[in-house]
Amino acid sequence: MASRERTYGGSTLSARRAQRRADLAEATLDLVGEGGSPAVTVRSVCRKAGLTDRYFYESFANRDELLTAVFNDVSHEVFGAMADVVSQVKGTRQEKARAAMMAMVAFGDSDPRKMRLLLREPFTDSALIAAGLAEASGLTRLLAHNFPRGENGTQRAMNAISVGGALATLLATWQMGLLRVSVEELVEHCVSLVAPE
């Protein structure tokens, strides 16, 4: 007979731990939105989340592990949303690319903290450099699968990596306010990179 997890205050220990982890992740995003990844420390995250460091170390070994975990969660969320949108579009490559880029821009508009973490912070935070390269493979896979270009697997992989890097830099520049173009102009330029006619 399987033992049931004990409850306290109406919730199980695992549910309370999951909630504390979610609170720490949300606090991390708030701090990134306010001051970038340098604002994220164990102390600042705990203060923002209203938790003691005991609860921090229940979920994460250190600040870098927390930041990387939140980054990975965000990247899976946005690339998953883009893949879902592309799979639903029954049109041309350009229409699929437009839908994917609109989904990414909409994601950034809905939560600028997440887009800042995804696009800007890997350029400056040593903990995120490797994570940024690893998670770029999510975008690379999406491009290679849905918008293949090249005569063989090697060429298709190199094209996907090149276009993914260009998109990330372009979107980061726009997100920082250094590129003053409309959403429509941005999306159409991204489409021309992803699925040139």
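Trainee: Let's start with Thr28. Where is Thr28 placed?

Mentor: Thr28 belongs to helix H1. Keep in mind that what we're looking at is a predicted model.

Trainee: Okay. Is Thr28 buried or exposed?

Mentor: Look at its relative accessible area: Thr28 comes out at 0%, so this residue is buried. The cut-off you need here is that buried means under 20%.

Trainee: And which residues is Thr28 in contact with, if I skip its neighbours within four places in sequence?

Mentor: With those left aside, Thr28 touches Val40, Val45, Leu66, Leu67 and Val70. One of these, Val45, also turns up in the contact between H1 and H2.

Trainee: That brings me to helices. How do I read the packing of two of them?

Mentor: You describe two packed helices with two values, the angle between their axes and the distance between those axes. Now the case here: H1 covers residues 13-35, H2 covers residues 42-49, and they pack at an angle of about 110° with axes 8 Å apart. That angle makes H1 roughly perpendicular to H2, because 65 to 115 degrees counts as roughly perpendicular. The crossing of H1 past H2 is right-handed.

Trainee: Which residues make that contact?

Mentor: On the H1 side you'll find Asp23, Leu24, Ala27, Thr28, Asp30, Leu31 and Glu34. H2 brings in Ser44, Val45, Lys48 and Ala49. Sort them by class and you get five nonpolar, two polar and four charged residues.

Trainee: Could we try another pair? At what angle do H5 and H6 pack?

Mentor: Helix H6 is residues 112-119, and H5 packs with it at about 120°, the axes being 5 Å apart. H5 makes the contact through Met104, Phe107, Gly108, Asp109 and Ser110, while H6 uses Pro112, Lys114, Met115, Leu118 and Leu119. Here the classes divide into six nonpolar, two polar and two charged.

Trainee: Now the rings. How many aromatic pairs does the structure hold?

Mentor: Two. For a pair of aromatic rings, you give the distance of the centres and the angle of the planes. Take Phe56 and Tyr57: their ring centres are 5.1 Å apart and the planes sit at 80°, so this pair is edge-to-face. The other one, Phe56 with Phe60, is tilted, at 5.8 Å centre to centre and 50° between the planes. Put together, ring pairs link Phe56, Tyr57 and Phe60 into a cluster.

Trainee: Which of those residues are buried?

Mentor: Phe56 and Phe60 are both buried. Phe56 has a relative accessibility of 0%. Tyr57 has 46%, so it counts as partly exposed.

Trainee: Let's zoom out. How many helices and strands does the protein chain have?

Mentor: Nine helices and two strands. Along the sequence the pattern reads β-β-α-α-α-α-α-α-α-α-α. The C-alpha trace spans about 60 × 50 × 30 Å along its principal axes.

Trainee: And what share of the residues is buried?

Mentor: Of the 197 residues in the protein chain, 40% are buried. As for contacts with a separation of 6 or more, 62% of them are between residues 24 or more positions apart.

Notes:
Residues are numbered from 1 along each chain as its sequence is written. This is a predicted model: local features need pLDDT of at least 70, side-chain atom pairs count only at pLDDT 80 or more; totals for chains, interfaces and linings use all residues. Side-chain values use heavy atoms; hydrogens and water are left out. Axes are lines fitted to C-alpha atoms, for helices over the stretch in contact, and angles run from 0 to 180 degrees between N-to-C directions. Helices (H or I, at least four residues) and strands (E, at least two) are DSSP runs, numbered from the N terminus. Angles under 35 degrees count as roughly parallel, over 145 as roughly antiparallel, 65 to 115 as roughly perpendicular and the rest as oblique. A crossing is left-handed if the near helix is turned anticlockwise from the far one by less than a right angle, and right-handed if clockwise. Contact means heavy atoms within 4.5 Å. Ala, Val, Leu, Ile, Met, Phe, Trp, Tyr, Cys and Pro count as nonpolar, Asp, Glu, Lys and Arg as charged, and the others, Gly among them, as polar. Rings of Phe, Tyr and Trp (its six-membered ring) pair if their centres lie within 6.5 Å; planes under 30 degrees apart count as stacked, over 60 as edge-to-face and the rest as tilted. Buried means under 20% relative accessible area, exposed over 50%, partly exposed in between (1.4 Å probe, protein chains only).
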